[in-house]
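Hello,

Here is the structure I promised to send you. Please have it open while you read, and my notes follow below.

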Amino acid sequence: MMRDTQTTPAVPDPIRSRFRTLVVDGSASLLERLCRLLDPQPLIEVVGTALQGIEALRLAEVRQPDLVLMDLNLPLVDGVPATVLLRRRLPRIRVILM
C-alpha cells in the first residue's frame with residue numbers, strides 16, 4: 001500500500017546565507033530571463049547584472065559577489081579573459097562559465 005507523501009519545499013539553512021550572485025550575459029533579453037529564473041531560488045540573491053565583461057569586473061569589485069554566472073561571448077572583453085582578470089582581483093570568487 002502506497003501512502004501519499006507531502007513534499008516540503010527546500011528551505012535555506014538558517015546558518016548559511018544566500019549566494020550573492022552577479023549575472024553577466026551579452027544579451028539583454030537572456031539576462032532578464034536568467035534573473036527571473038534565479039530570483040525565486042532560496043539560496044541565490046542576484047546582486048547585479050552586466051552586459052559586458054568590463055562592466056562585470058567593475059561591478060564585482062563594488063558588490064563583492066560570491067558567485068558570477070559569466071557568458072563566454074561578451075562585447076569588448078570576452079568571458080574567459082574577464083574571468084581570468086576577475087579571479088586575479090577577487091581570488092575567492094566562484095565563476096560558472098555559460
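Glu-61 and Arg-89 form a salt bridge, with 3.5 Å between their closest N and O atoms; the term means a side-chain nitrogen of Lys or Arg within 4 Å of a carboxyl oxygen of Asp or Glu. This pair links distant parts of the chain, since Glu-61 is in helix H2 (residues 53–63) and Arg-89 in helix H3, 28 residues apart. Helices (H or I, at least four residues) and strands (E, at least two) are DSSP runs, numbered from the N terminus.

Before going on, please note that this is a predicted model: local features need pLDDT of at least 70, side-chain atom pairs count only at pLDDT 80 or more, and totals for chains, interfaces and linings use all residues. Residues are numbered from 1 along each chain as its sequence is written, and side-chain values use heavy atoms, leaving out hydrogens and water.

How many salt bridges does a search of the whole structure find? There are 2. Besides the pair above, Arg-36 forms a salt bridge with Glu-32, their closest N and O atoms being 3.2 Å apart. Both residues lie in helix H1 (residues 28–38), 4 residues apart, which is about one turn of the helix. In general, side chains of opposite charge can pair when their charged atoms come close.

Are these residues buried or exposed? Buried means under 20% relative accessible area, exposed over 50%, and partly exposed in between (1.4 Å probe, protein chains only). Arg-36 has 53%, so it is exposed. Glu-32, at 48%, counts as partly exposed, and so do Glu-61 at 39% and Arg-89 at 44%.

Now look at the inward side of the story. In H3, the buried residues are Gly-79, Ala-82, Thr-83 and Leu-86. They sit on the same side of H3 because they cover an arc of only 100 degrees around the axis, taken from the directions from the helix axis to the C-beta atoms. The buried residues of H3 pack against H2, strand E3 (67–70) and strand E4 (94–97), where contact means heavy atoms within 4.5 Å.

In H2, Gly-53, Ala-56, Leu-57, Leu-59 and Ala-60 are buried. Their cover includes strand E1 (19–24), strand E2 (44–50), E3 and H3. Just after H2, Gln-64 takes a positive phi of about 50 degrees.

Happy exploring!
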